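Walk through the model below one feature at a time. Keep the sequence and the 3D view side by side.

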Amino acid sequence: MERAMSALLNHKLVVFVAVMGVWAGGVAAGGDARGQDQGQGLLLRVGEVDTDGGRFVLGNWLGDGAGLVNREGGKRGARFVIQLDGPMTLERRAALEGVGLELGAYLPANAYVVRLGGGAMEPVDVRAMNGLGFVRWGSAYMKAWKLAPELNELTRTKADSVNVVVTLFGKEDGAGVQQYVAKAGGRVGWMRDEGGHVTAGVELAGGFVEGLGDLDEVMFVEPMPAVELRARRNNTNRWVVQGDSVQQTPMYDAGIVGAGQVIGVLDSPVDQNHCSFAGQILAYNGSGLAHFHGTHVAATAMGDSGQNDNGRGVAYGSLLVWGPIPSFDEASIVGSLTLQHVSGARIHNNSWGNDATTAYDSLARGFDVFCYSNEMDFVSVSVTNTGTLKNPENAKNVLSVGASQDWPNQNDFCSGGTGPTADGRRKPEIFAPGCATQSATVGSACGTTGLTGTSMAGPVIAGAAALVREYFMEGFYPSGVATGTDSFEPSGVLVKAVLLNSAVDMTGVSGYPSDQEGWGRVRLRDAVYLADDVRGVVVRDVLNGQGLSTGQMTEVLINVLGNGGGEELGVTVAWTEPAASAGVSFAQVNDLDLEVVSPSGAVYLGNVFAGGESTTGGARDDRNNVEQVRIGVPEVGVWRVRVRGAGVAVGLQGYGLVVSGDVQMENSGVDVAVVSQVPSLVAPGQTVDVRARVRAGNDVLVGQSVTLSFSFDGKAYVTVMMQAAGGDEYVATVPWGQCGEVVDFYVSAEGVNSGVVTSPAGGMQSPASYGVGVITTIVSEDFEVDAGWTVQNDPSLTAGAWERGVPVGFGDRGDPPSDYDGSGMCWLTENLDGNSDVDGGPTLLETVDYDLSLFPEAQVSYLRWFFSHNGNDTLDVEISDDGGVSWAQLESITSNTNWVVSSFLITDYVNTMNQVRVRFSASDSPNNSIVEAGLDAFVIDEFVCVDVCAADFTGDGSLDVLDFFAFIVLFDSGDARADLNRDGGVDVLDFFELMVQFGKGCG
């Protein structure tokens, strides 16, 4: 038996993938895979590129008559585009990779960027590729596609200095851009890696902008935009968005006030001294004079003056994380939202935008990149107050918010640009009161003031999102009352789907849904279920890792009861998808379809409406990532709700699904879930209580079928009955374990129709597990005090030396935005905001010497951060057993932009243990990239294994008559500690085991 903790706990790490969908006729690699209806050309910002001209002959295109083309053929590093005859499938991707092609960025429709510059890679087999049959067209990536049309006006004179955002192809480091800009007398203000590609902010004379398109590494160039703020009473907002009945607040009445939720606000500075924020600011990531706009917005979302007045916001139990409005480019918005996320926010309000463009540009891409990378976060954006929809509310993954009038005119329009987006998507999507909203004002103790605009509606939606999030996290779904065992953290897209499913028609606006009101105004009570409601709700929350590919489908059966009458059936599916590539004019990448089938067989497609509700017929929606079906008077009986993977170009696509009305799940079977928190390690001799929730659904439980099965160190499983513990819960105890053992367990229940159901789902094939032993901590450093560590710098280092402090850089250049463990302090390279990072080097951070001679199984662990924007540099971690004379490498890390834990058994790398030290080395050599490093939570500990004397019930280290009497007391009460033979029961066999233990004694 391995005694090291890392070895002990390295067992049965199983990833469970819930296969919710079924193949609906999988598409063969060479077959037709139709699903995107936006045409066959390339849909780019510069215009549609005709791909029907018969231009593609792959052998001629790549230029090798032998049929095998090395990727260095042609201009090294050049990019090409191939277009398929339909959506990508898993089979098609495998086939393309099989002939030697590496796919890059997706371009609509059904096209991909291909790089032919990697000489070390396998050659492309031209004949095999032509034989695939589904590659219909190809071309070199043209310079004309790289320059945004808006640049024409900026590039007419060489005298003017202009600011642009340059997006590079994937795996490019920007060296060519830096060289070109320097020669042109310009300046690269920043260069950041976001979403798998580098973007740069460039300032140079207008006459040189066009030349950027000649660089092989450049994918797209567009103007850099500027900021535009988007500026009735909070005490009416609170009930208007909940149930729309005067002074009725069903969410508050259920105890849902946003508690435990954190709302991030990017805006002008908040007045921290206002009573609405007393004790409610979790993090304040910036500085500046307090401003009326940010103060008003934040208080509407989550402020609490302590009174039921205008100083109290929608989610007044929530906390605030504030940050300034970032620059309008992809890297800046991703960095700002990431800092909010790291500071604790999962809901993000943005009451600002760029009224100068309707383009899906780098700012819009940045929002989509963040949402796709942070699936648990919800992001809202207030739409423009001008007449026409602008940017970045045209991002796909955000919820775009307009302003309605206040009560009693909440069904009337107040403010918000009319859509659709430039590529035909429905925005704005949802409305909330935003006219003459009374909220906190700057410069007063508790004063309020009135402001009008979509800026005021956005935080209402953010507050409503906090209420929805708390609803799920407190376990109100599905029972309607707070049930801890039902608690789960909803994804951001499920929160978005709930809000949209709650929306109702603004009768003061003609047509529904429409380009002016979207899906209407929020009314939460319509999309959540609380105790004794007539209106029920069914949800599905599927993350992208368990999502659909092209051709797959999942189906949910819903029973419409018809008990109350007059309850509309509302179905909403929404999904968070990858950002579109720079320079395209059609933003959709992954396309899902909603299909709802009535008991009589009528088929309703998502987003096909007539007269304010869904109608049969029509065409599938190929561009929105929100689809709805609404039936005013639904048939009673079983409905089928289907989500199809119509065209999934990148990865797998998850979704949030919400069904509301007089509904319940149809034919729901037995459901089993282990709900107790079982530690990964327990002390020897300690029993473990396992608590499970077992529900019969529409099935019937077989008597005495709820059982707990456990096994010690791979031996035969022992099965015991679980005891009812009230409600749907059952409990049983796993007997004590000896040090070094691994304990596996699972819970089972049987239904008459469902059969045997287990938790975890794999039963004995993939059980839950824990280890038995004790961890002894030898060294623990959170760096709040000086531990005597030293820094040594190579003479070539010009910037970026290691230093200990609280991070101040906000994460906008790849640096850690905060420490890992929450203590505040950590080690990081040059703790300055702005243009500071490691240059030259290395800079070396060394620990003191540790004498570990008494800890032969000691292991070292730490959290490390390392960023290198081009991937050319590493963070090297080494260990020495002779005080730094010689070193052995623990690891060498390339770029990552989050805290990552590393752990090593020290004796695997050293010979002696009395003079151990560790060092961390960061460098930028040659000096050609942005390099940032961080270190936190440094620990040396040891897994200690000391066998227990099971029958020593008095704990005095010996066995005597007092232990016998203690055993009798435990035995009479059926206490699991009397289960000496560890068979899961307390019976006469344990008396015999007691005699055996007395014979052995404790020693």
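Which residues are buried in helix 10? They are Glu-330, Ala-331, Ser-332, Ile-333, Val-334, Gly-335, Ser-336, Leu-337, Leu-339, Gln-340 and His-341. Buried means under 20% relative accessible area, exposed means over 50%, and partly exposed lies in between (1.4 Å probe, protein chains only). Helix 10 is thus mostly covered, with eleven of its 13 residues buried.

A word on the source. This is a predicted model, in which local features need pLDDT of at least 70 and side-chain atom pairs count only at pLDDT 80 or more, while totals for chains, interfaces and linings use all residues. Residues are numbered from 1 along each chain as its sequence is written, and side-chain values use heavy atoms, with hydrogens and water left out.

Stay with helix 10. This helix covers residues 330–342 and reaches 18 Å from its first C-alpha to its last. That is close to the 18 Å expected at 1.5 Å a residue; the expected span is 1.5 Å times one less than the number of residues. Asp-329 caps the N-terminal end, with a side-chain oxygen 3.2 Å from the backbone nitrogen of Ala-331. Such a polar contact is a pair of N or O atoms within 3.5 Å; within protein, one must be able to donate a hydrogen and the other to accept it, and residues adjacent in sequence count only if both atoms are side-chain atoms. After the helix comes Gly-344, with a positive phi near 120°.

Now step back to the whole chain. It holds 15 helices and 57 strands. Helices (H or I, at least four residues) and strands (E, at least two) are DSSP runs, numbered from the N terminus. Of the 1003 residues, 57% are buried. The accessible surface comes to about 36,700 Å², and 50% of it belongs to carbon and sulfur atoms. These areas come from the Shrake-Rupley method with a 1.4 Å probe; for residues, only the protein chains shown count as cover.

Next, the charges. The structure holds 34 salt bridges, each a side-chain nitrogen of Lys or Arg within 4 Å of a carboxyl oxygen of Asp or Glu. One network of them links Arg-45, Glu-150, Glu-222, Glu-330 and Arg-365. Glu-330 is also one of the buried residues of helix 10.

Other pairs are worth a look. Arg-642 and Glu-555 meet in a salt bridge at 2.7 Å, N to O. This pair links distant parts of the chain: Arg-642 is in strand 34 (residues 637–648) and Glu-555 in strand 27 (residues 552–560), 87 residues apart. Arg-642 counts as buried at 18% relative accessibility, whereas Glu-555 is partly exposed at 31%. In another salt bridge, the closest N and O atoms of Arg-864 and Glu-891 are 3.1 Å apart. Here strand 52 (residues 858–868) supplies Arg-864 and strand 54 (residues 888–893) supplies Glu-891, 27 residues away. Arg-864 and Glu-891 are both buried.

Arg-312 has two partners. Its side chain meets that of Asp-304 in a salt bridge of 3.0 Å, N to O. Its charged end also sits over the ring of Tyr-316, 3.9 Å from the centre. A charge sits over a ring if NZ of Lys or CZ of Arg is within 6 Å of the ring centre and within 35 degrees of the ring normal. Arg-312 is buried, with a relative accessible area of 13%. Asp-304 is buried too, at 19%. Arg-426 lies over the face of Trp-519, 4.8 Å from the ring centre.

How many aromatic pairs does the whole structure contain? A search finds 24. Rings of Phe, Tyr and Trp (its six-membered ring) pair if their centres lie within 6.5 Å; planes under 30 degrees apart count as stacked, over 60 as edge-to-face and the rest as tilted. Tyr-106 and Tyr-112 are edge-to-face, 5.3 Å centre to centre with 70° between the planes. Both of these tyrosines are buried. Phe-783 and Trp-789 form an edge-to-face pair at 5.0 Å and 75°, and both are buried.

Finish with the backbone. The peptide bond from Pro-108 to Ala-109 is cis, with omega near 5°. Ala-109 lies in the loop between strand 6 (103–107) and strand 7 (111–115).
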